[in-house]
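Hi,

Here is the structure I promised to pass on.

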Amino acid sequence: MFVHGLGTAHPARRYTKAECWEAFQRSPWFDKLGRRARAIAQTVLLGENGIDARRLALASLDEVFEIDPDVLHERFSAHAPRLATEAAQRALADAGIAAEEVDGLVVSTCTGYLCPGLTGHVVERLGLRGDLRAFDLVGHGCAAALPNWQLADALLKSQRCGTVVSVCVELSSAAMYLDDDPGVLISACLFGDGAGAAVLSAAPHRDKRRVECTSIGSLLNPAHRDALCFEQRGGMLRNVLTRPVPKLAAEHAEQVLDRMLAEAGLGREDISEWVWHAGGRDVLLALRNRLGLEDDQLRHSAAVLREFGNLSSAFVYFVLEAALGARERGGWWWMSSFGAGFSCHGALLDVA
């Protein structure tokens, strides 16, 4: 399976950590939460957490404290279709492919729910054919990009699709929840809004750099399902984030990496570029320490995290786009996403 084009999209408004802290202080939630909770938020937002700013689909940060099911659903409904379409449109432009040439569409999200799903909105807004094969995927959390690609690969191998558009879109501002739980507070300080898309095909692009996804591997460990997940509370999504997550991410990432490298007859030294999902600074540190990586090998993931925060499933599209835009040297690239489940996925990319 070959990557013909990439596209990303995010809200226009950029909010710094300091701005978020100031907005929190003047919000009614500041006095609702306990002293320890306020101290945690201050430490995360004003300390070095690997994030300088986030993009949120808000006209003002004051809106983020309107934590109401109807308000959050309206936010998702208004902005998720738009961001998904913008990312897909840019990916098609990057690939030089017209909308009518698209045979399949796979859209993933975990931060909201629409029925009919997001695929219908993207089809309508992009002017895609009504007879294409469209699939809405939910429940993969931050890991969704590579399960999305696995379905796209199956569609291409079935020869029923010649071109598939893969989209991951997350409106984390539409899944906002606050209480005194440290994991909930940290989540509120980490996540941003954004979308990523890829145009995928069974044949290489004639006029672009060759990026071939040769294999994708997965590991699902339900025993750690409760370590990282969404739960429903008061009609809203509440993100459960626990202390073991960085360690779990690194352990699962190593297992998938080593298994797939062995199957391909490769070693870690054969990987020339690393495209990691970054759940946060502590996740990147755990990956670096567990796998013996240098900071430079995590630079693109760290740069995306610093400027956009954790974009959940859309994150790896931003990192891959940055690495290709920087004209990094070819060879074997490793792309990995992980999250709810606890799940981890990895892809070997042959880049020429």
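Setting aside neighbours within four places in sequence, Met176 is in contact (heavy atoms within 4.5 Å) with Val64, Ile67, Leu72, Ala188 and Leu237. Before going on, please note that this is a predicted model, where local features need pLDDT of at least 70 and side-chain atom pairs count only at pLDDT 80 or more, while totals for chains, interfaces and linings use all residues. Residues are numbered from 1 along each chain as its sequence is written, and side-chain values use heavy atoms, with hydrogens and water left out.

Met176 sits in the loop joining strand 6 (163-170) and helix 7 (182-190); helices (H or I, at least four residues) and strands (E, at least two) are DSSP runs, numbered from the N terminus. With a relative accessible area of 10%, Met176 is buried (under 20%; exposed is over 50%, partly exposed in between, with a 1.4 Å probe and protein chains only).

Pro244 is also in a loop, between strand 10 (236-241) and helix 8 (245-264), and is partly exposed at 43%. Its C-alpha atom is 7.1 Å from that of Ala227, 17 residues away along the chain.

Then there is a helix pair. Helix 1 (residues 17-26) and helix 3 (residues 35-46) are roughly antiparallel (an angle over 145 degrees). On the helix 1 side, the contact involves Lys17, Ala18, Cys20, Trp21 and Phe24, and on the helix 3 side Arg38, Ala41, Gln42, Val44, Leu45 and Leu46.

Enjoy browsing!

Best wishes

Methods: Angles under 35 degrees count as roughly parallel, over 145 as roughly antiparallel, 65 to 115 as roughly perpendicular and the rest as oblique.
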